[in-house]
Amino acid sequence: METVIEIQHLSKSFGSHEVLKDIDFSVKKGEVVCIIGSSGSGKSTLLRCVNLLEKPSGGQIIYHGENILDEKHDIYEYRKNLGMVFQQFNLFNNLNVMMNCVVGQMKVLKRSREEAEKVALKYLQVVGMDKYVNAKPKHLSGGQKQRVAIARALSMEPDVMLFDEPTSALDPEMVGDVLKIMKELAHSGLTMLIVTHEMEFAREVSDRVVFMDKGVIAEEGTPEQIFNNPTEARTREFLKRTLS
């Protein structure tokens, strides 16, 4: 399987506070990788470094064989290939659902309005939000907003989808809808990198699970290995706390 993103010796500091230390891992085409760990372990910062919302302090991010942290690389060109779904939805409140999914396509991918609307409708159908094309975000529930945010990211037809704790801002009864859609996407062969605290979801959909602790990758392996037979005491302790 082709490696899409490879992280080598990645570090990130905010002032004197080192948040990520010497991180190495890769994501292959069609793979679903879940990053787990307690709050403050560096999971979200790692994801934000992958799509360069945060500039790494050191190391390399290799995308299809090229280090995108080289000066000569166009960050915007690289970012086009990554879809990002945030905890807080980040929808444009002044635009309706359809325009939320269209504006990026027209601006960044230079698609015509007609083409962009066709693509947007396709993905709004995938997430079950096609009946809400004219609704403004303020009229939607949290779960509906997150489904629109997923459709918006998919409308860019990215190479890799990044999810940063996509269910953490949702009411418990809405979490299921969003996870169901993410499971369907995982089974569709989409390459996904997911920061999550939903352990059952990580166990069910991941090809690989990465456990982070205090800014390092403490352990990684298949869901079977990590959940049933972790080698690190830190991993065992974390899972005992979260699964009990």
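Biologist: Where is Asn 90 found?

Modeller: Asn 90 lies in the loop between S6 and H3. Helices (H or I, at least four residues) and strands (E, at least two) are DSSP runs, numbered from the N terminus. This is a predicted model, in which local features need pLDDT of at least 70 and side-chain atom pairs count only at pLDDT 80 or more, whereas totals for chains, interfaces and linings use all residues. Residues are numbered from 1 along each chain as its sequence is written, and side-chain values use heavy atoms, with hydrogens and water left out.

Biologist: What phi does Asn 90 have?

Modeller: Most residues other than glycine have a negative phi. Asn 90 has a positive phi of about 55°. In strand S2 (residues 17-28), Asp 22 has a phi near 50°, also positive in a residue other than glycine. Just after H5, Glu 157 takes a positive phi of about 45°.

Biologist: Why does Asn 90 count as partly exposed?

Modeller: Buried means under 20% relative accessible area, exposed over 50%, and partly exposed in between (1.4 Å probe, protein chains only). Asn 90 counts as partly exposed because its relative accessibility is 39%. Asp 22 is also partly exposed, because its value is 49%. Gly 221, in strand S10 (residues 216-221), counts as buried because its relative accessibility is 9%.

Biologist: Which residues does Gly 221 touch, not counting residues up to four places away in sequence?

Modeller: Contact means heavy atoms within 4.5 Å. By that criterion, and with residues up to four places away in sequence not counted, Gly 221 touches Arg 208, Val 209 and Ile 226.

Biologist: How many residues of H5 are buried?

Modeller: In H5, 13 of the 14 residues are buried. The expected span of a helix is 1.5 Å times one less than its number of residues. Helix H5 (residues 142-155) reaches 20 Å from its first C-alpha to its last, close to the 20 Å expected.

Biologist: Which residues lie nearest the centre of the largest pocket?

Modeller: On a 1 Å grid over the protein atoms alone, a pocket is an open set of points where a 1.4 Å probe fits, with protein on both sides within 12 Å along at least five of seven lines; lining residues have an atom within 4 Å of a point. Of the 21 lining residues of the largest pocket, Arg 79, Leu 82, Met 84, Val 108 and Met 156 lie nearest its centre. Helix H2 (75-79), strand S6 (82-85), helix H3 (97-108) and H5 each give two or more residues to this lining. H3 gives the most, with six residues.
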